[in-house]
Amino acid sequence: MTDIRTYLTDDHRACDEVFAKMEESASKGSAKDAAETFNAFAGSMEHHFQMEERVLFPEFEQKTGMTQGPTQVMRMEHEQMRRLIGDMSAAVEADDTNRFFGLSETLMILIQQHNMKEEQMLYNMAQQHLSADMERIVTMMDSLIVE
């Protein structure tokens, strides 16, 4: 069974791969040409956010009693990324390739910083506190349906 840290870190890498495909698709034509890969990227990011927000964070907060710490910061960063993804969606619809790439560059930096914090701090803390429930938590994240 994969541990929590590995499961979520692997999902970060999968989202990164879809991000790269999206940018490659847009670079070959226009923002509108990237609509399909953009939608795949946006969906993979939302799925990742919800695995954390609906499963990992509540489990971690309940176990540790920490509700104003790292999970609160991660939720705020998720909202920042959601706003950027929404702005990118508007750029795709408007076929505004320059705006799309400007936003994707900003988003990439935010994702890299966010992932580093999660992978180096939060996931290790979660692994430490939730290891007894690891299999149940990974199964819940794995079976999550995005709303």
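What is the mean pLDDT of the protein, and what percentage of its residues reach 70 or more? The mean pLDDT (the predictor's confidence in each residue, from 0 to 100) is 94, and 99% of the residues reach 70 or more. The structure is a predicted model, in which local features need pLDDT of at least 70 and side-chain atom pairs count only at pLDDT 80 or more, while totals for chains, interfaces and linings use all residues. Residues are numbered from 1 along each chain as its sequence is written, and side-chain values use heavy atoms, with hydrogens and water left out.

**View 1. Confidence by element.** Helix 3 (residues 70–93) has the highest mean pLDDT among the elements of the protein, at 97. Helix 5 (residues 134–142) has the lowest, at 94. Helices (H or I, at least four residues) and strands (E, at least two) are DSSP runs, numbered from the N terminus.

**View 2. Packing of helix 2 against helix 4.** Two packed helices are described by the angle between their axes and the distance between the axes. Axes are lines fitted to C-alpha atoms, for helices over the stretch in contact, and angles run from 0 to 180 degrees between N-to-C directions. Helix 2 (residues 35–64) and helix 4 (residues 97–130) have axes 12 Å apart, at an angle of about 30°. The two helices are therefore roughly parallel to each other (angles under 35 degrees count as roughly parallel, over 145 as roughly antiparallel, 65 to 115 as roughly perpendicular and the rest as oblique). Their crossing is left-handed, a term used if the near helix is turned anticlockwise from the far one by less than a right angle, with right-handed used if clockwise. From helix 2, the residues that meet helix 4 include Phe38, Phe41, His48, Glu52 and Phe57. Helix 4 contributes, among them, Phe100, Ile111, His114, Glu118 and Leu122. The residues of this contact comprise 14 nonpolar, four polar and four charged. Here Ala, Val, Leu, Ile, Met, Phe, Trp, Tyr, Cys and Pro count as nonpolar, Asp, Glu, Lys and Arg as charged, and the others, Gly among them, as polar.

**View 3. Packing of helix 2 against helix 3.** The axes of helix 2 and helix 3 are 11 Å apart and form an angle of about 165°. That makes helix 2 roughly antiparallel to helix 3. Helix 2 passes helix 3 in a left-handed crossing. The residues in contact divide into 15 nonpolar, four polar and six charged.

View 4. Phe57 counts as buried, at 0% relative accessibility (buried means under 20% relative accessible area, exposed over 50%, partly exposed in between, with a 1.4 Å probe and protein chains only). Not counting residues up to four places away in sequence, Phe57 touches Glu52, Thr71, Met74, Arg75, His78, Glu118 and Leu122; contact means heavy atoms within 4.5 Å.

**View 5. Ser44 in helix 2.** Ser44 lies in helix 2 and counts as buried, at 18% relative accessibility. Beyond its neighbours within four places in sequence, Ser44 is in contact with Cys15 and Val18.

View 6. Helix 1 (residues 4–27) packs with helix 4 at an angle of about 170°, the axes being 9 Å apart. Helix 1 and helix 4 are therefore roughly antiparallel to each other. Their contact involves twelve nonpolar, seven polar and six charged residues. Glu119, in helix 4, is buried, with a relative accessible area of 17%. Leaving aside neighbours within four places in sequence, Glu119 is in contact with Thr9, His12, Arg13 and Asn124. Asp10, in helix 1, counts as partly exposed at 44% relative accessibility.

**View 7. Backbone at Asp95.** Asp95 is found in the loop between helix 3 and helix 4. Its phi is near 55°, a positive value in a residue other than glycine. Most residues other than glycine have a negative phi. Asp95 is partly exposed, with a relative accessible area of 35%.
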